[in-house]
Amino acid sequence: MENITFKLTKKLKTIGFVMVAIGLLALAYGFIAGLGGDRIVANLHLNSFYFTSLGLIGMFFVAVHAISESGWQVSMQRVGEAMSLFIPIGGIIMLLVFVFGGMHHLFEWTHTEHLDEILLGKVAYLNQPFFYVRFAVFFAGWTVLAWMIRKTSRELDINGDIKYFNKLRKYSAFYVVFLAVSSVVSSWDWLMSIDAHWFSTLYGWYVFSSMLVTGFSVIVIFTYILKRMGYMQHVNDEHIHDMGKYMFALSIFWAYLWFSQYMLIWYANIPEETIYFYERIKHFDTIFYWNLIVNFAIPFLLLMTRNSKRVSSVVIPVAVIIFIGHWMDLYQLIMPGAVGYEAAGIGFLEIGVTIGFTGLFMLVTFFGLSKVPLVPKNHPFYEESLHYHTNY
Amino acid sequence: MNKSYITAYYTDDDDLLKGIRQLKEKGVEIIDVMTPFPVHGLDKAIGLRRSRLSRVAFWGGTIGALIGFFFQAWVFTKAYPLNFGGKPYLSVPSFMPVAFEMAVLFAAFSIVFAYLIYFKLTPGAKPVIHDERSTDDRFLVVVKAGEPGESASIEKALSEAGAEGIKLKA
């Protein structure tokens, strides 16, 4: 098979830029209609976190399979590599939101002049200088490691030397270990500290499982789009099947963590813990219950049988549902604390900004795909990936 | 019903696959193939259907979950109501772990027993050895003998397909 490079067509660019324009329009609408700084900032924060995490998982997909020396994903690993290009962009947007007044809108603990006893006890960790240091360390680590993995993967493609394969494995191991710690700590920083009085030790893994299942769903969606456009014809039912298994298993894993967190708090019934769920069930009940149906029941039932995992017409709609569902999940993590039930809502601002971010993410990923050959032909497992075969 | 069958063996897995394709073309019905190691592509060659054990697991799991759930609901509301921390008697979240464990247990047991019963491997089962050499390094093929008059032609087809040690069994 010849090595084809993806071409970023004018049509795709137009679609992407129109989506970004809708996002900017929604943002402008938010300012003009006076929806409040809380709501605008929380939206930008939600989406920049959401799409950064997709980039992180894109690279995680490459890294974790490189460590385990698996072969089946090699023919589609460029999608994950291209998605990781979004990490620094998401970081910049997040930083801009924080610097231009976002900190005070989002985080109660930044109002240092009136902290209560509980928050005063957390000052050693929750203070602005240390917060920014952690922010810098996370994004520097992610960006540099992702860049190194991308570069090594490209070198392996050009030279085909086993030396680069070993290097790839080494960097991947660094990335996975770094992400394991940083994804948990960053979710405390950017999500859990919105409700600064409350804490949960399971929170980091809960957020990470949500990131994982969405990231893998988005990889399937991009692969499918590429296939529909006439690229990557070697990706067949077998690869879709494995991605379907990932989506199925990780949806269950997410629900498991959701329930573990919920049940312990429900059982112990300590007011300072239950207030978190009280807020959400009382004022955000629709999204709270739909969250479980959309992110657990639908993937669980639709992807249960072997045959449905192998058909694009089932896997792709479920992937889109998961993509929307985990946006909702993140919404109910952020909004009750950052905006409050009186001001929060899902309107043109929320939907428009999300469309804008989706457009930007699409543009970045397609740009990344167009820069390098679509398949890593000299990867030692490339041939294995073409002949991949799975039964169950 | 005529229960007689014919066994024959191959010494090489490539010959086995080739032979099976020839037998299929001639319309010989293959009951089973026994190999000393997994042969790639064999399941497709003999037209093996997909295992139905997953369905057994699904229904076993569903029944287990329902039993687990409703048993607790009955115990905590009717049989022996106890007040735990002021919670309602019918507390669905606290029933979930047990219902989940029962689903796993029933699914696991149902597939184990379905497997044992379907393949007649229950305690006291007599081992069936079609050919002594199938316990060593030979690839054994078991085919239907058909009507009494047909067995000769099937034996001929087997030897044409390269099989050795052809035996007719009743």
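Two residues are in contact if their C-beta atoms, placed from the backbone, lie within 7 Å. Keep that rule handy as you look at this predicted model, where local features need pLDDT of at least 70, side-chain atom pairs count only at pLDDT 80 or more, and totals for chains, interfaces and linings use all residues. Residues are numbered from 1 along each chain as its sequence is written, while chains are lettered from A and ligands numbered from 1 in the order in which they are written.

**Two domains in chain A**
- Chain A splits into domain 1 (36-196) and domain 2 (198-342), with bounds that come from an automatic or database domain assignment.
- Taken over C-alpha atoms, the centres of these two domains of chain A are 19 Å apart.
- Across the boundary, 28 residues of domain 1 of chain A are in contact with 31 residues of domain 2 of chain A.
- On the domain 1 side, α2, α3 (77-83) and α7 (162-190) of chain A each supply at least two residues; helices here are DSSP runs (H or I, at least four residues), numbered from the N terminus.
- α2(A) gives the most to that side, with 14 residues.

**A closer look at α2(A)**
- Helix α2 of chain A covers residues 37-67, and its end C-alpha atoms are 44 Å apart, which agrees with the 45 Å that its 31 residues should span at 1.5 Å a residue (the expected span is 1.5 Å times one less than the number of residues).
- Because 26 of its 31 residues are buried, α2(A) is largely enclosed by the rest of the structure (buried: 20 or more other C-beta atoms within 10 Å of the residue's own, placed from the backbone).
- Just after α2(A), Glu69(A) takes a positive phi of about 55°.

**Where the chains meet**
- The contact takes 6 residues from chain A and 4 residues from chain B.

Conventions. Buried ≥ 20, exposed ≤ 12 C-beta atoms within 10 Å, placed from the backbone.
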